[in-house]
Each structure stands twice: as C-alpha cells, then as structure tokens.
Amino acid sequence: MQGNTACAEGALAAGCRFFAGYPITPSTEVAEHMALKLPKAKGVFVQMEDEIASIAAVVGAAWTGARAMTATSGPGFSLMMENIGYAAMTETPCVIVNIQRGGPSTGQPTLAAQGDMLQCRFGSHGDYSIIALSPASVQEMFELTVKAFQLSEKYRVPVFLMGDEIIGHMRERLTIPDSVEVIPRKKLETGSLPFKAGDDDIPGFPTFGEGYGVHVTGLTHDERGYPAATNPPAHERLVTRLVRKVESARKEMADYRVTNPDAEQVFISYGAPTRTVHQVLHDRPKDGIGHLQLRVVWPFPEFSLAEFPDAKAFLVPEMNLGQISREIERHTDVPVLPVPKIGGDLHTPAELGKALEGSR
Amino acid sequence: MSFRDWYRVDRLPTIYCVGCGNGTVINCTLHAVDSLGWKWEDTVFVSGIGCSSRAPGYIKTDSLHTTHGRPLAFATGIKLAKPGLHVVVFTGDGDLAAIGGNHFIHACRRNVDMTVICMNNWIYGMTGGQGSPTTPRGALTTTTPYGSGEGVFDLAALAVAAGANHVARWTSYHVKELTRAIQTGLETPGFSLVEVLTQCPTAYGRRNKLREVSDTVEYLKDHAILLQKYNRLTAEGKPVPEDMFTVGEFVRRNRPAMGVPP
Amino acid sequence: MKLVIDSDRCKGCNLCMLVCPYRIFKEGKEQNERGIILPELDRPERCPNCRLQKLYGRTLCGLCQMICPDQAIRWENEKENEPQKVVIEF
C-alpha cells in the first residue's frame with residue numbers, strides 16, 4: 001500500500017469521520033483515498049476552496065465532536081498557520097498531515113524534504129505548543145496517524161503528522177490490526193466552566209449541540225470562555241496553561257527507538273533518513289554505532305539523549321539545512337554534527353559513512 | 001420564550017457604541033430565530049472578526065468566534081459534520097467581502113444550509129475606521145483620507161450570481177421587514193444571505209458629515225428603494241437617483257443545497 | 001403594562017425616539033449617574049403595547065424594543081393599585 005493511502009487508512013481506523021482538504025502534491029492521495037472511503041464509513045469529505053478554508057472546516061467539524069483531519073504540503077501548510085494558531089488557542093483536537101516537499105515557496109513539488117519541522121512547532125504567531133510525529137515507513141504512516149488522533153483527542157491540541165514525499169509515495173507491505181484503540185474525548189461536566197482545567201491542564205470538551213452554550217473565541221479568554229483581551233493576568237494564565245499542557249506531558253507521550261545505547265557515535269534521525277541509518281547499521285554491525293529514531297519529534301524529548309551516556313558525537317541526518325539538530329544542540333554538551341542534504345535525494349549509506357569518519 | 005431570553009444577560013450592556021446598528025440587527029435575528037421555535041441548544045452562531053462578529057458573545061447558544069474572514073469556512077465544517085445543528089453566521093462587510101471574499105463565493109456556490117447576516121456599515125469599525133470594499137465613492141475614512149476612489153461591492157448581487165438560495169437586503173431602520181427577511185432565510189434550505197446596511201455613527205458617520213446617530217439612520221430610510229419599485233421605474237425609463245440603493249428580497253429559489261438535515 | 005427604560009443599559013442614542021410612530025419618547029434633560037441622558041416618556045399611555053398587550057396576548061408595535069441596540073426597553077406589569085392612565089384616541 002502507498003504511504004499516503006496507509007495514512008488515510010490509519011485515520012479511518014482511528015475514527016476520523018471528517019476530512020476537508022485541498023489538492024497539493026505530494027499529499028493529494030490522502031485526500032483522494034478519504035474521498036473514496038469516507039462516504040462509505042458515513043463520514044464527510046469536502047474539497048474546500050483553499051487550505052485556509054480546509055483547516056477552518058476541520059476546526060469547525062471538530063467542535064461538533066467529529067474527529068477531523070486535513071492533509072497538505074509546504075505552501076498549503078504556510079497558508080494554514082493562522083487557523084492552526086486558532087486551533088491551539090481554542091484547544092481544538094485535530095490532525096494535520098504535512099507530506100513535506102522541497103521548499104521554500106513552490107520549490108520541488110515532487111521531491112522530498114524535511115524543511116517544515118521548525119515551522120510546525122513555531123509557524124503561527126504567539127506562544128503555544130503542539131505535538132508532531134514523524135513516520136519513517138508505510139507501517140509507521142498507519143500507526144502514527146492512529147497515534148496522532150489519540151494524542152490530539154487526549155490533549156485537545158492540533159497534532160501534526162510530518163511525513164515527506166518519499167514515505168508518502170513509496171509502497172510497502174503493512175499489517176493492519178483488527179482494531180485500534182479509540183480514546184474518546186474527555187467530556188465537560190455540566191455546570192463547570194468550559195475553559196477551567198484540573199491538574200492535567202486539559203479542560204473537558206464542550207461539544208456543540210449538547211446544551212453547553214459555550215462561546216469559543218480566538219481572543220484571549222477567561223475560564224468562562226468570554227473575551228478577556230485587556231486582562232494581562234488572564235492572558236498569562238491561559239497561554240502558560242496551553243504551553244504547559246503539552247510540555248509537561250512530554251515524557252508520557254514520548255516515542256523513540258534506541259539501538260546500541262552504549263555507542264560513542266550516535267545517529268539521531270526521524271522520518272525518511274531513518275531508513276538510511278538502518279542500512280548503515282545493518283552493513284556495519286560490529287562498529288558499535290548507536291541510533292535514536294524519534295517518532296514523536298515535538299514536544300522534543302530531551303531525555304532520550306540521556307539514553308546514550310557514552311556518546312561522543314551525535315550525527316543528525318536531515319533533509320533540510322539543520323532544523324532538529326538545533327534543538328538537539330540546546331539540550332546536550334555532546335558535539336552535534338548535522339548531516340544536511342537538500343535537493344530531494346535521500347542520504348546514501350556512503351554519505352553517512354563519510355560523516356561517521358568525519359566525526360571520529 | 002421571547003427573543004430577550006436568548007441573551008447572555010451577565011454580559012450586557014454590549015461593547016457597541018451609542019446608537020450602533022449592530023445591536024438592532026442582533027435583536028431582529030434573535031426574534032426571527034425565536035419565532036421559528038428553534039431551541040438554543042441546537043443553534044450555533046459563528047462569526048469572524050469585527051464589531052459585527054462580537055455579537056455571538058452576547059447570545060446564550062454555542063458559538064464560534066473565528067479568524068478574520070473565515071467564518072463561512074468554519075460554519076461549513078460545523079454544518080456538514082452535524083447537519084442537525086442550525087447554523088447562523090454573523091459577519092461584516094470587510095469580513096465577508098474583503099478577506100473572506102473567496103469563502104463567500106464558494107459558500108454560495110456550494111449552497112450550504114446556513115444563514116449569513118452581514119452587517120454592512122461601509123467601514124472597518126472595530127479597528128478605527130478604515131475603508132472597506134463597500135465604502136461609497138468619495139467617502140472619507142482613515143485609509144482613504146482623500147475620498148475613496150474604489151468601486152463599491154454589491155454583496156447581494158454576488159450572492160445571487162454565485163448561486164445562493166435566498167438573498168435579501170434591508171437596513172437597520174426597517175426592523176420589521178428585516179426580521180421577516182431573516183425568518184425567510186432561516187426557513188429556506190440552502191445558503192441564505194441577508195445583507196443589512198447599518199449605521200456606524202462613530203467610525204463612518206463622524207468622518208462623513210453624519211455625526212448624529214439619527215443622521216445615518218435617516219439617510220438609510222430616505223435612500224432605500226424597494227427592488228420591485230426600482231425595477232418598475234427603470235422599465236418605464238424613469239430616472240432613479242444615483243445614491244439610492246435597492247432593498248428587498250433579491251432571489252428565493254430551490255437549487256440543490258448541502259448539509260440540509262435529512 | 002408600562003414601558004420601562006433600563007437605566008443600566010440605555011446609552012442615550014435616542015433611536016427609540018426616531019422610530020416610535022406614536023411619539024412616546026422625548027429628549028431627556030438630566031444625566032444619570034453614568035453620564036447618560038435617558039429619553040423621557042411623553043404620555044406613554046398612548047403606546048398600543050402598554051394599552052393592549054394583555055388583551056391581545058402578544059407584543060403590538062414593539063418597534064422601540066426591536067431597534068434599541070442595548071435591549072434597554074421592556075414592558076412590565078404595573079404593581080397593584082398603581083394608577084394607569086388610558087387615553088382613547090380617535
């Protein structure tokens with residue numbers, strides 16, 4: 001099955017019943033598969049007039065209780081940023097799939113890149129925090145899409161599936177489980193304030209049409225949901241809670257794979273370059289090279305670096321000019337060597353081998 | 001139940017200026033909604049950004065106050081995901097026609113079952129009085145200090161052309177007709193646009209020699225001409241003064257609609 | 001019934017005065033403690049809603065209530081033994 005198709009299948013398995021999107025290479029297959037399958041699953045598919053309308057419709061549908069998703073790539077992703085900030089501010093659960101392509105601007109529509117990793121975290125204005133997942137195989141496209149829905153429903157936050165054109169368009173075999181755990185949203189208790197949260201910073205969800213009478217606004221709001229834009233303490237309380245909600249739970253939601261934890265030279269990868277690292281480890285099993293594969297990239301799991309106490313160098317192959325490597329640098333004293341490669345071709349084992357020589 | 005029961009009484013009085021037409025339009029909308037027997041638990045108000053879009057914050061129902069220009073897209077998502085909900089959109093002239101122009105065209109084309117109340121006050125009121133696509137030629141605003149040199153957008157005409165099922169235009173002076181037009185819009189399946197010309201004494205009126213609240217309202221009363229009368233006069237070849245605007249129901253038809261509850 | 005203008009809500013725009021077909025309202029003279037000059041009632045017994053809402057069981061006219069941007073107008077029952085003036089107009 002194709003990666004994009006697997007992503008759509010994962011969404012359907014996780015209970016997604018609303019998709020609004022706009023065609024953009026290389027993510028169009030996700031939309032096409034959803035257009036085919038959703039009506040049969042009693043869901044709704046609508047092709048909107050642009051990406052801004054797509055994410056808007058997804059947020060609107062999410063408020064009626066539906067699990068909603070959209071899929072896009074670089075240029076569409078940039079368009080969606082304002083409404084992504086809106087989803088973060090109003091704590092709307094939704095999943096946004098970005099099958100990354102060469103950028104900036106129109107760039108390379110049919111070739112892969114990983115250039116939006118910092119954008120998914122910091123793309124919209126203001127302070128907020130989101131969750132981003134990075135699949136490295138068709139199986140992971142399925143599994144991580146399911147996980148994206150589970151995380152977005154639990155934490156009431158937009159979750160990004162940061163794929164790329166290689167993983168999106170490749171075909172591999174995958175195993176589809178018989179059933180998948182569907183976590184329902186936490187409901188708001190009647191009578192309690194819609195935006196007041198307990199210790200986990202996650203308020204219950206007041207679905208539209210069930211008598212909650214909630215006013216949802218992108219303006220800074222107080223616990224009742226009413227605008228409080230000229231109220232500095234209310235703004236501080238709200239925004240710090242939005243960030244804390246995700247950041248304080250990063251250990252719980254962390255998902256990474258460790259190989260050879262006692263290695264001195266460690267590759268840290270996410271997405272497509274993971275496959276090259278696997279090849280290098282397979283070709284040189286006795287060289288004691290370590291590998292950390294990040295599946296949840298944001299919120300960044302800095303504690304995963306401690307899994308390699310003897311590391312003398314972290315090598316970070318990325319299909320961009322060094323984005324996650326900057327985040328890694330912040331969290332460790334171990335020298336970080338970015339191995340950037342842009343242009344659409346995946347890193348070759350030889351290139352990674354050369355990087356290893358350079359790091360000795 | 002009266003329309004006054006739909007208000008969030010703890011939030012009144014509103015932030016609107018003295019004599020703002022928006023308050024009147026909210027009254028008329030709630031009266032129309034209430035008279036149809038809708039329940040507040042099944043109704044959702046969606047709005048964009050601007051003075052018009054602060055309205056849902058004063059109404060008891062579930063409401064979504066979205067980003068500038070996009071309420072129609074959010075409302076499409078809500079209506080298609082849960083067609084059993086009644087969706088009413090409050091928007092303004094800039095929100096609908098400027099930044100939201102694309103969503104406006106496509107919502108009309110799709111004929112999604114919702115009612116859009118556009119409070120057209122010829123200006124961007126909330127941000128201090130900048131020009132909008134409906135600012136009359138020669139009018140003074142903060143971004144057209146030498147008089148507006150751009151053509152005026154006819155919102156109702158666009159909605160008719162793009163395929164909306166019901167389009168009407170009234171003013172905030174004609175409260176009874178407005179309420180009736182909104183009622184028709186709520187009942188008509190498919191996209192319904194009710195454009196309301198409202199007074200903005202603070203931002204528009206003050207800069208354009210209409211300082212008193214009653215000045216703009218009198219202007220609206222005197223310059224409104226019923227559509228049927230306008231058609232009759234033009235058919236007979238009689239001249240109609242340039243600055244008159246047509247009011248009334250422009251179209252009511254039965255094109256296939258999306259999101260109509262089964 | 002009698003017409004009551006809510007002094008917490010009225011902002012003094014006088015739109016009610018503009019639309020009333022029976023000319024019930026007239027310009028007020030004094031500011032209240034919020035600094036707003038509320039309109040005053042001029043022989044409000046001529047208002048058809050005040051006179052006839054009980055009889056017909058629904059709001060008659062009601063233009064002032066509909067146009068008021070601040071929902072400051074409402075009709076209330078008079079208290080027991082409160083004098084009511086009714087004027088029959090031809």
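## Chain B as a whole

The radius of gyration is taken over C-alpha atoms, and the globule rule is 2.2 Å times the number of residues to the power 0.38. For the 262 residues of chain B, a compact globule would have a radius near 18 Å, and the chain's 17 Å agrees with this. This is a predicted model, in which local features need pLDDT of at least 70 and side-chain atom pairs count only at pLDDT 80 or more, while totals for chains, interfaces and linings use all residues. Residues are numbered from 1 along each chain as its sequence is written, and side-chain values use heavy atoms, without hydrogens and water.

Along the principal axes, the C-alpha atoms of chain B fill a box of roughly 50 × 45 × 35 Å. Chain B has nine helices and eight strands (DSSP runs: H or I of at least four residues for helices, E of at least two for strands, numbered from the N terminus).

## Burial and contacts

Of the 262 residues in chain B, 60% are buried (under 20% relative accessible area, with a 1.4 Å probe and protein chains only). Among contacts in chain B with a separation of 6 or more, 69% are between residues 24 or more positions apart; contact means heavy atoms within 4.5 Å.

## B:Arg110

B:Arg110 lies in helix H4 of chain B, which spans residues 101-110. B:Arg110 counts as buried because its relative accessibility is 8%. Beyond neighbours within four places in sequence, B:Arg110 is in contact with B:Met258 and, in chain A, with A:Val46, A:Gln47, A:Met48 and A:Glu49.

Notes. Chains are lettered from A and ligands numbered from 1 in the order in which they are written. Buried means under 20% relative accessible area, exposed over 50%, partly exposed in between (1.4 Å probe, protein chains only).
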